[in-house]
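Welcome! Here is a short briefing to read alongside the structure.

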Amino acid sequence: MFNTLASPFRKLGELTINAVWRLGFATRFLGAILMYSGQSLMRLQMTIREVYFAGVLSLIIIVVSGLFVGMVLGLQGYNTLSRFGSADALGALVALSLLRELGPVLAALLFASRSGSAMTAEIGLMKATEQLDAMRVMAVNPIARVVAPRFWAGVISMPVLAALFNVMGVFGGYLIGVVMIGLDAGTFWSQMQANVDLHSDVINGLIKSLVFGIAVTLIAVFEGYDATPTASGVSSATTRTVVTSALVILALDFVLTAFMF
Amino acid sequence: MKRSTIDLWVGIFVAIGIASVIFLSLKVANLTPQSNEQTYALTADFDNIGGLKVKAPVKSAGVLVGRVSNIQLDAKTYQAKVTLAINKQYQFSKDASAEILTAGILGEQYVGLTEGGDPDTLQPGDKISLTSSAMVLEQLIGKFMTNFAEKGSNDSSSGHADKTAPQQ
């Protein structure tokens with residue numbers, strides 16, 4: 001009787017302790033990555049290889065989604081703005097919404113599901129097949145050899161991908177607004193240039209994407225490293241990476257926006 | 001160390017990133033090398049600035065000549081003290097006037113400068129004394145409604161106004 005009553009509370013306590021435990025381990029893990037990243041940056045080839053897998057291979061999805069997001073913004077923005085007779089402001093609307101919010105956030109969400117999940121699966125499978133233990137036996141530090149290059153590759157790739165996403169989005173908005181609907185090209189650009197500020201919009205957007213890059217990649221490599229070394233453990237770690245990344249990106253976005261704008 | 005095709009791809013990737021940032025700063029944000037040294041400050045006191053904001057444009061004859069750099073309430077006169085950062089290349093005479101205008105009906109508000117006839121020019125830190133405040137839509141409608149009501153009551157009082165009007 002007592003056991004059945006107490007078990008939900010026990011479960012709750014276990015979950016809480018586990019979450020706090022993992023948070024502490026993740027923090028120590030970040031410290032270890034930063035400590036050993038000197039070695040991995042000395043052998044730059046490893047990081048470059050990971051930039052290829054994390055960044056270059058994500059180019060297609062970023063370019064295509066950026067283009068479509070920009071085109072949708074163009075269509076929706078034109079429909080709403082023309083109701084108020086200010087369709088001229090379409091350029092400013094597209095550029096500001098992309099630079100401030102949509103570019104960094106959507107690029108980070110795509111990056112988390114495209115590259116973050118791959119990182120988790122790769123590291124988790126290395127752990128499950130005891131490759132990480134084998135490295136340790138050979139006196140190779142797996143954090144320096146496997147984790148740190150992936151972490152830095154993600155941190156480097158994310159701002160590049162977000163900037164590219166923004167450019168493609170602006171281009172998509174231009175395609176819809178100027179080429180398809182037939183707004184004046186000069187007005188489109190000049191409205192954009194009059195309302196976009198280098199520091200408060202472009203630089204802040206890049207800072208956002210850098211923060212998202214750090215968060216997403218840390219979650220991805222941590223979940224991989226922390227995964228239960230079984231087939232189902234790796235699969236649930238991959239799922240956790242995508243879910244946690246998405247939540248962390250959106251929460252961080254709110255915090256950063258509150259600070260920046 | 002051997003060069004591999006991966007290096008080439010990563011090189012292209014980084015180049016795309018740099019090109020994107022340059023495009024965003026130059027074409028989208030219209031970055032022009034304009035530092036604070038190239039502007040000078042003028043102040044103007046307004047009774048009411050309406051919805052004027054810091055960084056709003058300052059225009060003369062429709063041409064952008066500067067930006068609003070600061071807005072404060074003068075604690076003694078209870079007027080709005082607006083500081084304008086004007087480009088060094090533009091000089092205005094001592095009796096230039098400033099007014100707060102609106103771009104379109106619902107557009108943003110900006111400061112319009114009109115050149116006067118005085119040969120002396122305004123020096124950095126000077127105050128523009130001739131100002132006119134923002135048009136506040138509610139006050140305008142209020143005035144219109146009062147006029148309208150007065151006119152209506154005059155008409156209804158059996159043409160009293162019509163008789164007096166020609167005599168004036």
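**Salt bridges and a chain contact**

At 48% relative accessibility, Lys127(B) counts as partly exposed, a class between buried (under 20% relative accessible area) and exposed (over 50%), taken with a 1.4 Å probe on protein chains only. This is a predicted model, where local features need pLDDT of at least 70, side-chain atom pairs count only at pLDDT 80 or more, and totals for chains, interfaces and linings use all residues. Residues are numbered from 1 along each chain as its sequence is written, chains are lettered from A and ligands numbered from 1 in the order in which they are written, and side-chain values use heavy atoms, leaving out hydrogens and water.

**Salt bridges**

- Lys127(B) pairs with Asp45(B) in a salt bridge, with the closest N and O atoms 3.3 Å apart; the term means a side-chain nitrogen of Lys or Arg within 4 Å of a carboxyl oxygen of Asp or Glu.
- Asp45(B) counts as buried, at 11% relative accessibility.
- Glu50(A) and Arg150(A) also form a salt bridge, at 3.5 Å from N to O, and both residues are buried.
- Glu122(A) forms a salt bridge with Arg150(A) too, at 2.9 Å between the closest N and O atoms.
- Over all chains, the whole structure has 12 salt bridges.

**Where the chains meet**

- The contact (heavy atoms within 4.5 Å) takes 26 residues from chain A and 20 residues from chain B.
- Between chain B and chain A, 0 salt bridges are found.
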